[in-house]
Amino acid sequence: MNLIRVKRVHCLSLLACEGTRERGDLGEIRSRGTVSTNQIRLVEIFSSIQGEGVLVGRRQIFVRTYGCNLRCTYCDSPETLKESGIPRQCRVETVPGSWTFEGRESLTSQDDLNAIIRGYLTEPHHSLSITGGEPLLHARFLREWLPDVKAMGLKTFLETNGFLSRHLEGILDSLDYISMDWKAPTATGISPEATLEAHREFLMTATRRGNTEVYVKMVVTPSTSEAELLTAVETIRAVKDSMTLILQPVTPFGTETKGVTPQKMIRFHALASHLLQDVRVIPQTHKMMQLL
Ligand code: SF4
């Protein structure tokens, strides 16, 4: 598989095959503790307003998983990455919007997670967002747990970097929404060929089930080129030309210190709209409101 040749992908064993991928990621964690299919390592749980993508403005419960197979220049969740160490604690916001947290053991059982979620359900929520990190690294847990989420009356929303299509297969039936990030090679260091192959395969898998709404989100940085945009657009179009593409101007963070000019966003929107039916520019609105 081309991905194995990529230089800057961390945890290369994740990219060989599904079984190896999961062993490659979780082996380290298992060797230190007791991760089983009814436990998941989390870094954050909270209730907020979705600030990105097609569900912007919807009330959601967010479950942020630990670990990622990529290292994007604009990553705003560095606490989910392995360099930050295996987390001992998961922070849980006690009152939505308060930025007041209680620390809990990071390794969380299905029952404990359900109890925390029920605690938020005194107020109506549209859906539950599984975010990260890369949630699909925890596909075996998700397969067991997502039916519980639906039984609580919540729709399920997966945010993913779109590289682990085989992990997706096992949980696709339990997903109402998939937000797939299109990762520009200039942001990940992964070769254009490997990126294209991984994202095309992922989108084809994701759209196999007609009842799951799938859209693509592309973070646009000052380095993102028109060629990268067009590669994404043509691939999306080949899979499904009615699929929504969200162009998200980068919020400066980490090594990304500059934003994108308005002219660039207008030009990118026009280029994409020649080939796709539904292209939207949406920045990270939760950050404007100082929400988690
Ligand atoms: S895929 Fe997401 S969590 Fe992983 S490095 Fe990129 S931005 Fe961060």
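What average pLDDT does the protein chain reach, and what share of the residues score at least 70? The protein chain averages a pLDDT of 88, and 88% of the residues score at least 70, where pLDDT is the predictor's confidence in each residue, from 0 to 100. Over residues 1–34 the pLDDT is below 50, and beyond near neighbours in sequence this stretch has 53 contacts in the model, two residues being in contact if their C-beta atoms, placed from the backbone, lie within 7 Å. This is a predicted model, in which local features need pLDDT of at least 70 and side-chain atom pairs count only at pLDDT 80 or more, while totals for chains, interfaces and linings use all residues. Residues are numbered from 1 along each chain as its sequence is written.

**View 1. The protein chain as a whole.** There are nine helices and 11 strands in the protein chain; helices (H or I, at least four residues) and strands (E, at least two) are DSSP runs, numbered from the N terminus. Of its 292 residues, 40% count as buried, a residue being buried if 20 or more other C-beta atoms lie within 10 Å of its own, exposed if 12 or fewer, and partly exposed in between, with C-beta atoms placed from the backbone. Among the contacts in the protein chain with a separation of 6 or more, 71% are accounted for by residues 24 or more positions apart.

**View 2. The surroundings of the ligand.** The residues around the ligand are C68, L70, R71, C72, C75, S77, T80, G132, G133, E134 and N161, where a residue is near a molecule or strand if its C-beta atom, placed from the backbone, lies within 6 Å of it. Sorted by class, this shell holds four nonpolar, five polar and two charged residues; Ala, Val, Leu, Ile, Met, Phe, Trp, Tyr, Cys and Pro count as nonpolar, Asp, Glu, Lys and Arg as charged, and the others, Gly among them, as polar. The peptide bond that leads from G132 to G133 is cis, with omega near 10 degrees, and G133 is found in the loop between β6 and α3 (139–151).

View 3. Strand β1 (residues 39–49) pairs with β2 in the antiparallel sense over seven bridges, and I45 stands opposite V63 in β2; two strands pair if DSSP finds at least two bridges between them. Strand β2 also pairs with β6, in the parallel sense and over five bridges, with I130 in β6 as the bridge partner of V63. Strand β6 (residues 127–131) is in turn joined to β7 by four bridges, and these two strands run parallel; here the bridge partner of L128 is T156 in β7. Five of the seven residues of strand β2 (residues 59–65) are buried, so β2 is largely enclosed by the rest of the structure. Strand β7 (residues 155–160) is likewise largely enclosed by the rest of the structure, because five of its six residues are buried.

View 4. Not counting residues up to four places away in sequence, L245 touches V216, M218, V233, I236, A272, L276 and V279. I246 lies in strand β10 (residues 244–249) and counts as buried because it has 21 C-beta neighbours inside 10 Å. Although I246 and V216 are 30 residues apart along the chain, their C-alpha atoms are separated by 6.2 Å. Leaving aside neighbours within four places in sequence, I246 is in contact with G53, V54, Y215, K217, R280 and I282.

View 5. W99 is found in the loop between β3 (89–93) and β4 (101–105), and its phi is near 60 degrees, a positive value in a residue other than glycine. With 12 other C-beta atoms within 10 Å, W99 is exposed. Q290, in the segment after α9 (285–288), has a phi near 55 degrees, which is again a positive value in a residue other than glycine, and Q290 counts as exposed because it has 8 C-beta neighbours inside 10 Å. S225 is found in the loop between β9 (213–220) and α7 (226–239), and with 11 C-beta neighbours inside 10 Å it counts as exposed. S225 and P185 are 40 residues apart in sequence and 9.8 Å apart in space, C-alpha to C-alpha.
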